[in-house]
Amino acid sequence: MMPYTYILINFFTVIICFLASFDRRIQFNKLFGKFLLSSTIVAIPFIIWDVWFTSKGVWWFDLNYTLGFTIAGLPIEEWLFFYCIPFACVFTYYCLEKFFSLRGIDGLNNLIVFTAVVVLSVTGLLYHERVYTLLTVIVTISTLCYLHFIVKKDWIARASFVYLVLMPGFFAVNGILTGSLIPSPVVNYNPDDFLGIRMGTIPIEDAVYGYSQFLLNIYFFKKITKNEK
């Protein structure tokens, strides 16, 4: 079973959401094509980031947990990760926004963006020599500033709330990838390139990295589906 570990993580991440997509009350299946387009737009820069970090030894993969097929130094499962995880995230956001009124927290947009930018800026300045930390800070600040100040999206607080809702899934998936419940990590990190602060086995940068990726997936999905007023 060991070589199937990463592919099974992807499968179990997406399968329930995929099946639920065909529910007549949701009909997310009608948006599969647009999701693939929006997720590909987001995946491209993050995959480039992933390939570069892997080539530089910032992180690396234990191929014993994979099927053994690699593209540009990344296991095929890692490529699928950039579609499976966003699918579960975008689907969850879509359903929560469809069935519940989340606009009551829109007033928190300014507070969330201001707090995040200040905390991330201080962190980036203090630990600029740690490449994973620094790049995560730059990408997340850029994402928040673009969404809030340039395109002026009013759903940042809503998306942030949904991201918190998704945290149990994040801990389950990333926890296994970083060594929880298995003998050794699927993904290993160079201790010189990140803060060393872990949530269980998960580097804190992973949560911030995931947040920026999540926001961008929501943005492009909404843009392509014109699913906002």
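Helices H3 and H6 cross each other in a right-handed sense. Their axes lie 10 Å apart, at an angle of about 115 degrees. The model is a predicted one.

**The crossing of H3 and H6**

- On the H3 side, the contact is made by Thr-92, Tyr-93, Leu-96 and Glu-97.
- On the H6 side, the residues are Arg-158, Ala-159, Val-162 and Val-165.
- Sorted by class, this contact has five nonpolar residues, one polar residue and two charged residues.
- Helix H6 runs over residues 156–165.

**The nonpolar core**

- The largest nonpolar core has 68 residues.
- Phe-28, Trp-59, Tyr-132, Trp-155, Leu-177 and Phe-214 have the most contacts inside this core.
- Helix H3, residues 76–99, supplies the largest share of the core, with 13 residues.
- Phe-214 is in contact with Cys-89, Tyr-93, Ala-159, Val-162, Tyr-163 and Leu-166, when neighbours within four places in sequence are left aside.
- Among these partners of Phe-214, Tyr-93 belongs to the H3 side of the crossing, and Ala-159 and Val-162 to the H6 side.

**Helix H7 and what follows**

- Helix H7 covers residues 167–177, and its buried residues are Met-167, Phe-170, Val-173, Asn-174, Gly-175 and Leu-177.
- Leu-177 is also one of the residues with the most contacts inside the largest nonpolar core.
- After H7 comes Gly-179, which has a positive phi, near 120 degrees.

**Thr-92 in helix H3**

- Thr-92 is part of helix H3.
- Thr-92 has a relative accessible area of 18%, so it counts as buried, the cut-off being under 20%.
- Apart from residues up to four places away in sequence, Thr-92 touches Val-162 and Leu-166.
- A polar atom of the Thr-92 side chain lies 2.7 Å from the backbone oxygen of Ala-88.
- An α-helix has 3.6 residues a turn, so residues three or four places apart point the same way.

**Ser-38 and Ser-39 in helix H2**

- Ser-39 lies in helix H2, which spans residues 32–56, and Ser-38 is in helix H2 as well.
- Ser-39 is buried, with a relative accessible area of 1%.
- Ser-38 is also buried, at 1% relative accessibility.
- With residues up to four places away in sequence not counted, Ser-39 touches Phe-82, Tyr-83 and Asn-217.
- The side chain of Ser-39 has a polar atom 3.1 Å from the backbone oxygen of Leu-36.
- Ser-39 and Ile-85 are 46 residues apart along the chain, and their C-alpha atoms are separated by 10.0 Å.

**Gly-200 in a loop**

- Gly-200 is placed in the loop between strand S5 (198–199) and strand S6 (202–203).
- Its relative accessibility is 68%, so Gly-200 counts as exposed, the cut-off being over 50%.
- The C-alpha atoms of Gly-200 and Pro-86 are separated by 23 Å, and the two residues are 114 places apart along the chain.

Terms used
Residues numbered from 1 in each chain as written. Predicted model: local features only at pLDDT ≥ 70, side-chain atom pairs only at ≥ 80, totals over all residues. Heavy atoms only, no water. Core = buried A, V, L, I, M, F, W, Y, C linked by side-chain atoms within 4.5 Å. Buried < 20%, exposed > 50% of the residue type's maximum accessible area, 1.4 Å probe, protein only. Helix = DSSP H or I, 4+ residues; strand = E, 2+ residues; numbered from the N terminus. Contact = heavy atoms within 4.5 Å. Axes fitted to C-alpha atoms, helices over the stretch in contact; angles between N-to-C directions. Left-handed = near helix turned anticlockwise from the far one by under 90°. Nonpolar A, V, L, I, M, F, W, Y, C, P; charged D, E, K, R; others polar. Polar contact = N/O pair within 3.5 Å; in protein donor to acceptor, adjacent residues only side chain to side chain.
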